[in-house]
Amino acid sequence: MRRILQHYIDSFSGLSKEVWWLALITLINRAGAMVIPFLSLYLTDDLDFSLEQVGWIMTSYGLGSFFGAWLGGKLSDQIGYYKVILSSLLLTGVSFLVIQYFTSFWSICIGFFFLIAVADVARPAFFVALSAYSKPENKTRSLTFIRLAINLGFSAGPALGGLIIASIGYYGLFWVDGVTCIIAGLVMIKTLNPRKTKELDKEVVVDKPVSAYSDGIYILFLISLALFGFIFVQYFSTIPLYYKEVHLLSEDKIGLLLAMNGALIFFFEMPLIAYLEKTSISKIGNVIYGFLLTGISFAILLITPWAGILVIGMIIATLGEMVAFPFGNAFALDRAKKGRQGAYMGLYSMSFSAAHIFGHNSGMQLIDNIGYEKTWVFMAIISAIGTFLLFLVKHLLNKEKKRLTT
């Protein structure tokens with residue numbers, strides 16, 4: 001037991017204090033992110049929107065995310081990651097406080113577009129900041145550490161969110177989300193002020209940058225990640241509805257099931273990544289395994305109506321997430337050294353924003369028209385297609401490596 005604990009502690013060694021502060025800021029921010037996991041339930045239960053309307057609201061959410069990621073990439077290269085992240089945190093906090101008063105369909109669509117656009121401006125900037133604050137050899141573990149903070153926040157958030165809904169209603173989530181965003185911004189002012197911190201990786205700026213849009217391998221990688229995101233976002237839209245409508249789970253039980261995802265990541269992701277980094281498996285190879293596991297998590301829901309399969313499915317999906325996301329992020333950061341990091345990581349964030357645009361809406365339309373079981377089959381097929389594209393990326397990378405070494 002002592003050896004296991006020591007291995008867990010060792011997986012955090014060597015990370016800079018700036019990465020620790022960035023993780024704390026992320027934890028505060030994500031612990032308050034309670035609205036998003038319950039958004040589909042809030043729109044159907046509290047505002048009485050139809051599944052079709054919820055699908056279009058989720059599309060506006062995705063469009064806002066897409067625009068915000070693009071803008072964040074540009075601003076990160078122009079004014080720096082610190083100003084982008086700080087402005088995003090403070091403005092997102094105010095936006096959460098305001099949007100709770102929007103109740104009509106169009107006001108919700110427009111409101112969530114701007115809310116998520118402002119919030120996701122920070123996503124590319126966070127990647128650039130993490131790259132700057134990390135030693136090159138620690139980037140994958142630093143990325144994993146930030147994900148740990150995100151998921152620890154999401155672990156506490158849904159569980160607490162379910163209790164808030166049960167006690168005072170959905171509006172309480174908006175207040176908590178808004179206040180925690182503002183608190184995260186204030187912590188950033190105190191801890192990561194550029195005059196008090198230093199950059200450890202000096203490869204952030206490239207003299208003759210390659211355009212991210214002309215990097216064919218990177219674009220193919222992003223297409224596959226968009227497909228991965230397409231099925232992954234179902235855990236924030238159609239899956240909670242499946243839990244409630246098919247398995248008749250209450251909001252607090254749904255919150256606990258979603259919280260299990262974050263708890264598993266908190267305890268196992270850092271040691272798992274530290275172990276996988278020592279193996280001969282490439283970053284793309286790990287992403288492939290993660291993608292396959294996530295697809296399997298949908299397929300097994302077809303096996304039995306037993307409620308315990310929901311726990312098994314969540315465990316498999318979490319394992320896939322733990323493997324795919326850190327190594328996918330690390331691959332993108334490595335590739336970004338060819339050009340402007342803001343632009344590269346902006347495109348990376350946009351790939352998941354595209355998943356929000358099409359994934360939520362498509363999932364809602366699918367379950368409304370063909371039911372849950374056929375929708376899960378569709379998700380498994382998407383997983384197979386994305387896995388094939390990643391194998392193609394791996395093949396092209398091997399060809400590129402041979403060409404550069406000859």
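The model is predicted: local features need pLDDT of at least 70, side-chain atom pairs count only at pLDDT 80 or more, and totals for chains, interfaces and linings use all residues. Residues are numbered from 1 along each chain as its sequence is written, and side-chain values use heavy atoms, with hydrogens and water left out. Helices are DSSP runs (H or I, at least four residues), numbered from the N terminus.

**Helix geometry**

- Helix α12 (residues 251–277) has 27 residues. Its first and last C-alpha atoms lie 38 Å apart, close to the 39 Å expected at 1.5 Å a residue. The expected span is 1.5 Å times one less than the number of residues.
- α12 has a kink of about 45° at F268, shortly before the proline P271. The bend at a residue is the angle between axes fitted to the seven residues ending there and the seven starting there.
- Helix α9 (residues 171–191) has 21 residues and should span 30 Å at 1.5 Å a residue. Its end C-alpha atoms are 31 Å apart, which agrees.

**Helix packing**

- Two packed helices are described by the angle between their axes and the distance between the axes. Axes are lines fitted to C-alpha atoms, for helices over the stretch in contact, and angles run from 0 to 180 degrees between N-to-C directions.
- Helix α11 (residues 238–245) packs with α12 at about 135°, the axes being 10 Å apart. The two are therefore oblique to each other. Angles under 35 degrees count as roughly parallel, over 145 as roughly antiparallel, 65 to 115 as roughly perpendicular and the rest as oblique.
- The crossing of α11 and α12 is right-handed. A crossing is left-handed if the near helix is turned anticlockwise from the far one by less than a right angle, and right-handed if clockwise.
- Helix α15 (residues 341–369) and helix α16 (residues 371–405) cross at roughly 135°, with axes that come within 7 Å. That makes α15 oblique to α16. Their crossing is right-handed.
- Helix α13 (residues 283–299) and helix α14 (residues 308–335) cross at roughly 150°, and their axes come within 7 Å. This pair is therefore roughly antiparallel. The crossing of α13 and α14 is left-handed.

**Aromatic pairs**

- The structure holds 17 aromatic pairs. Rings of Phe, Tyr and Trp (its six-membered ring) pair if their centres lie within 6.5 Å; planes under 30 degrees apart count as stacked, over 60 as edge-to-face and the rest as tilted.
- F67 and F113 form a stacked pair, at 6.3 Å centre to centre and 25° between the planes. F67 lies in helix α4 (residues 51–79) and F113 in helix α6 (residues 105–120), so the pair ties together parts that are 46 residues apart in sequence.
- Ring pairs also link Y235, Y242, F298, Y372 and W376 into a cluster.

- Buried means under 20% relative accessible area, exposed over 50%, and partly exposed in between (1.4 Å probe, protein chains only).
- F67 is partly exposed at 38%, and F113 is partly exposed at 24%.
- W70 lies in helix α4 and is partly exposed at 32%. W70 and V121 are 51 residues apart in sequence and 7.6 Å apart in space, C-alpha to C-alpha.
- Q100 is in the loop between α5 (81–99) and α6. Q100 is buried at 11%.
- Q100 and L173 are 73 residues apart in sequence and 9.1 Å apart in space, C-alpha to C-alpha. L173 is one of the buried residues in α9, which also include G172, F174 and D177.
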